[in-house]
Amino acid sequence: MPKNRRTSRGKSRISSNFSAQHLLINKQLSKDMIDMAKITPNDTVIDIGAGKGAITFPLAKRAARVIAVENDPVFAEKLLDKMQGVANIRMNRQDFLQFNLPKSPFSVVANIPFSITTPILGKLLDDPAVPLQRAVLIMEKGAAKRFTSVRITNPRILKWRMWFDLRLVRTVSPDHFSPPPKVESAIVTIFRKQSPLVPLHAHARFMALATYILQQPQAPVFAALQGIFTPSQIKHVVKALRLERNQAVSSLNEQQWGELFHSMLRYVDPSRWPKVPKKKMPKIPRAKAPKMPKPKMPKISKPRMLKNPKQKK
Ligand SMILES: C[S@@+](CC[C@H](N)C(=O)[O-])C[C@H]1O[C@@H](n2cnc3c(N)ncnc32)[C@H](O)[C@@H]1O
């Protein structure tokens with residue numbers, strides 16, 4: 001891709017990490033990612049940020065349906081040209097964050113735009129009812145490490161990991177892309193767990209617990225649990241989860257978080273459960289009342305005093 005080219009809208013775009021257009025030039029890597037995602041001829045697969053189709057076309061050979069999402073009009077046009085005769089690719093020329101995800105099971109294989117990594121993962125993982133099965137994503141190595149670290153300090157990432165296994169599988173050097181990004185990349189696999197650690201319908205309640213407890217990730221377990229569990233319940237939980245009273249709460253593993261949540265449901269009075277924040281309703285602008293002309297009040301003249309005929313002058 002040229003370093004500085006004009007988009008169809010005439011604006012100049014300079015290649016950088018922020019333009020997020022580091023195209024994959026290693027064909028074997030695309031195939032490896034499709035293998036990692038265990039794509040079968042029955043699968044529907046989304047390629048987020050399809051670019052010129054480095055992943056889209058090899059995917060189309062393996063999956064039943066490929067949905068390519070690309071918001072750059074120049075790339076989208078090129079992809080449409082190349083797609084002639086490939087019946088199982090559907091092209092969506094739009095921002096992935098505005099794209100309506102399928103209602104039936106789907107997977108994702110993609111070299112995603114780094115600048116929107118967290119919003120992409122949020123869209124795929126925040127609501128466990130979204131029927132994502134497997135994803136294999138290239139992302140910035142720093143982000144990959146944050147999402148997959150053993151020590152979990154972020155309640156949102158912790159929540160994702162109650163339903164999905166996230167693994168950093170390998171790092172990818174910048175020479176596999178054109179233009180090469182300034183940072184190292186990594187491949188992350190995301191597989192839906194066979195048995196989720198928390199029931200899907202309880203995701204908001206789990207998030208409330210994780211947010212409350214991880215306010216101070218370095219706090220010792222006994223202190224972090226205090227606002228919710230009573231001292232005797234804490235004693236019981238520490239023993240049942242094989243914890244140390246003084247270990248940092250961020251050192252709990254996924255399994256222990258699942259068990260902690262179930263202990264809260266089982267032993268703690270619901271009045272002590274952390275509150276689930278109410279869903280923010282979108283603001284509906286109030287219809288402006290049409291301006292009415294001020295009613296003209298008839299002038300009321302002062303009542304004239306009738307002269308009392310008997311009144312003395
Ligand atoms: C890292 S490139 C990957 C391109 C291609 N998949 C490849 O591997 O060669 C990311 C792609 O995402 C596209 N993109 C950036 N933001 C996007 C968005 N919000 N929605 C959809 N596509 C986006 C870019 O135009 C670019 O083509």
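What covers the buried residues of α7? Let me start there. This is a predicted model, so please keep that in mind. The cover over the buried residues of α7 includes α6 (155-160), α8 (221-224) and α10 (254-267). The buried residues in α7 are His203, Phe206, Met207, Leu209, Ala210 and Ile213. They span an arc of only 165 degrees around the axis, which puts them on the same side of α7.

Now step back to the whole chain. The protein is divided into domain 1, residues 17-192, and domain 2, residues 200-272. Their C-alpha centres lie 34 Å apart. Domain 1 brings ten residues to the contact, and domain 2 brings 13 residues. Look at the side of domain 1 that touches domain 2. By class, that side has six nonpolar, one polar and three charged residues.

A word on annotation. UniProt, in an unreviewed entry, lists residues 29-194 as "domain: Ribosomal RNA adenine methylase transferase N-terminal". Over residues 29-194, the chain is 29% helix and 29% strand. The end C-alpha atoms of that stretch are 27 Å apart.

Next, Lys193. Find Lys193 in the loop between β11 (185-192) and α7 (203-213). Leaving out residues up to four places away in sequence, Lys193 touches Trp163, Phe164 and Asp165. Now compare Lys193 with Leu260. The two are 67 residues apart in sequence. In space they are 18 Å apart, C-alpha to C-alpha.

On to the ligand. Which residues come nearest to the ligand? Of the 21 residues around the ligand, those are Leu24, Gly49, Gly51, Asn111 and Pro113. The shell divides into twelve nonpolar, six polar and three charged residues.

UniProt also has a "binding site" annotation, again from an unreviewed entry. The annotation covers His22, Leu24, Gly49, Glu70, Asp95 and Asn111. Let me pick out two of these.

Take His22. His22 sits in the loop between β2 (12-14) and β3 (23-24). His22 counts as buried because there are 25 C-beta neighbours inside 10 Å. Beyond residues up to four places away in sequence, His22 touches Phe177, Pro179, Pro180 and Pro181.

Then Glu70. Glu70 lies in the loop between β5 (65-69) and α3 (73-82). Glu70 is buried too, with 27 other C-beta atoms within 10 Å. Again setting aside residues up to four places away in sequence, Glu70 touches Gly49, Ala50, Gly51, Phe75, Ala76, Leu79 and Arg93.

Back to one of those prolines, Pro179. Pro179 is placed in the loop between β10 (177-178) and β11. The peptide bond from Ser178 to Pro179 is cis, with omega near -10 degrees.

Last topic: backbone angles. Lys38 is not a glycine, yet has a positive phi, near 55 degrees. Look for Lys38 in the loop between α1 (27-36) and β4 (44-48). Lys38 counts as partly exposed, with 14 C-beta neighbours inside 10 Å.

Arg242 also has a positive phi near 55 degrees without being glycine. Where does Arg242 lie? In the loop between α9 (231-240) and α10. Arg242 counts as exposed, because there are 8 C-beta neighbours inside 10 Å.

How values were computed: Residues numbered from 1 in each chain as written. Predicted model: local features only at pLDDT ≥ 70, side-chain atom pairs only at ≥ 80, totals over all residues. UniProt positions renumbered as here; feature names shortened; annotations may be inferred. Helix = DSSP H or I, 4+ residues; strand = E, 2+ residues; numbered from the N terminus. Near = placed C-beta within 6 Å. Nonpolar A, V, L, I, M, F, W, Y, C, P; charged D, E, K, R; others polar. Contact = placed C-beta atoms within 7 Å. Buried ≥ 20, exposed ≤ 12 C-beta atoms within 10 Å, placed from the backbone. Arc of directions from axis to C-beta. Domains from an automatic or database assignment.
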